[in-house]
Amino acid sequence: MPRDLHPRLLRGFVATAETLHFGHAAEQLHIAQQALSRDIKALELALGGALFTRTTRSVELTPAGARLLPMARRLLLLQDEILAAANGSAHRPLLLDLNSDVTGDDLTADRLLAHVRAAWPEGELLARFHGGLAAAAAALTAHRLDVSMGRFAGLPPGQRAQLVHVPVRLEPMAVMMTGRHPLAARTELPLADLAGHPVDICAGNPATTEWTDLGARLLAEHGLVAAEPHAAPVGVDETARYLARHGEPMLTTVGGPRIPGAVTVPLVRPVPLSLLGLVHRPEPRHPGLDALIAAAAELGGREGWLRRPADSWLPAADAELLAG
């Protein structure tokens, strides 16, 4: 066992563990994929075991990798804090969880991140992609994360009491399905037309219980049925296989993820909405957080992100947050 581990190796490991894709992790770290692969191999050699299982189609954490991940995150966060303290007034990077492992045409988190990086070039935001506010909220309260995004009203009251919510956008909801589904040819879909079609509300994903709660409320109020829970996919390719295998419409948002072989159909009559917000701890403000809030206000004001359509549906708990 070596006496020291270079933080670079741990950063490469964490980025790969969170994206489960060597190419995406290398892009996030701004290094060549070959260099990242060398660093992972060096870390595995130093620790005496494999951290990932790799196939031509997927990358997964081994049990040893899963055990290392939370410890590596804590160590890197501590290093950032040490460097910030040593630099006096300089702030450490803001650790932001975008809660998305795929890209989309109009993903709010991606647009906010790009806007802040352009408007605040002297700062640093480290973006992570876990996919679920329920999981991210635990990291926020444990000081392993600075900011996340998602549906705040879906968190337990005890967690909400420890966190601050900033409304960002009312996102119209849709269903995503393969092109072979009988509803796939529609340009829009009245909620009533989902009768007889169980809807996947990601009930099998413990990291996104706030989204499952939203879906369950929507279906219950409109006499619709949820699909049976399935183990959640990670990434674009796995989501495409998941949709093809199970064949059920999956609840999503308009302008959300692009999945090969899938179509997204907006829901109407009424238009169901999801209130997306920034979520953070109340104590000391980081300039990156202020930049995020300012970016959300600028983009939202220009594009009417918080303007509610007349014929729309929003749970009462979410409407209260919006009013407050």
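1. Asp213 and Arg151 form a salt bridge in this predicted model. The closest N and O atoms are 2.8 Å apart. (A salt bridge is a side-chain nitrogen of Lys or Arg within 4 Å of a carboxyl oxygen of Asp or Glu.) Asp213 sits in helix 8 (residues 209-221) and Arg151 in the loop between strand 5 and helix 7 (157-161), so the pair ties together parts 62 residues apart in sequence. Helices (H or I, at least four residues) and strands (E, at least two) are DSSP runs, numbered from the N terminus.

2. How exposed are the two partners? Arg151 counts as buried at 3% relative accessibility. Asp213, at 25%, counts as partly exposed. (Buried means under 20% relative accessible area, exposed over 50%, partly exposed in between, with a 1.4 Å probe and protein chains only.)

3. Arg151 also forms a salt bridge with Asp318, with the closest N and O atoms 2.9 Å apart. This pair links distant parts of the chain: Asp318 is in helix 11 (residues 316-323), 167 residues from Arg151. Asp318 is buried, at 1% relative accessible area.

4. A further salt bridge joins Arg241 and Glu238 (2.5 Å, N to O). The two are three residues apart in helix 9 (residues 236-246), so about one helical turn separates them. Arg241 is partly exposed at 31%, and Glu238 is partly exposed at 30%. Elsewhere, shared partners join Arg151, Asp213, Arg217 and Asp318 into one network of salt bridges. The whole structure has eleven salt bridges.

5. Ser148 lies in strand 5 (residues 147-150). Ser148 is buried, at 0% relative accessibility. A polar atom of its side chain lies 3.5 Å from the backbone oxygen of Asp97. Leaving aside neighbours within four places in sequence, its contacts (heavy atoms within 4.5 Å) include Asn99, Leu133 and Gly277.

6. Asp146 is in the loop between helix 6 (133-141) and strand 5. At 8% relative accessibility, Asp146 counts as buried. A polar atom of its side chain lies 2.8 Å from the backbone nitrogen of Leu95.

7. Just after helix 1, Leu20 takes a positive phi of about 50 degrees.

8. On method: residues are numbered from 1 along each chain as its sequence is written, and side-chain values use heavy atoms, leaving out hydrogens and water. Local features need pLDDT of at least 70 and side-chain atom pairs count only at pLDDT 80 or more, while totals for chains, interfaces and linings use all residues.

Conventions. A polar contact is a pair of N or O atoms within 3.5 Å; within protein, one must be able to donate a hydrogen and the other to accept it, and residues adjacent in sequence count only if both atoms are side-chain atoms.
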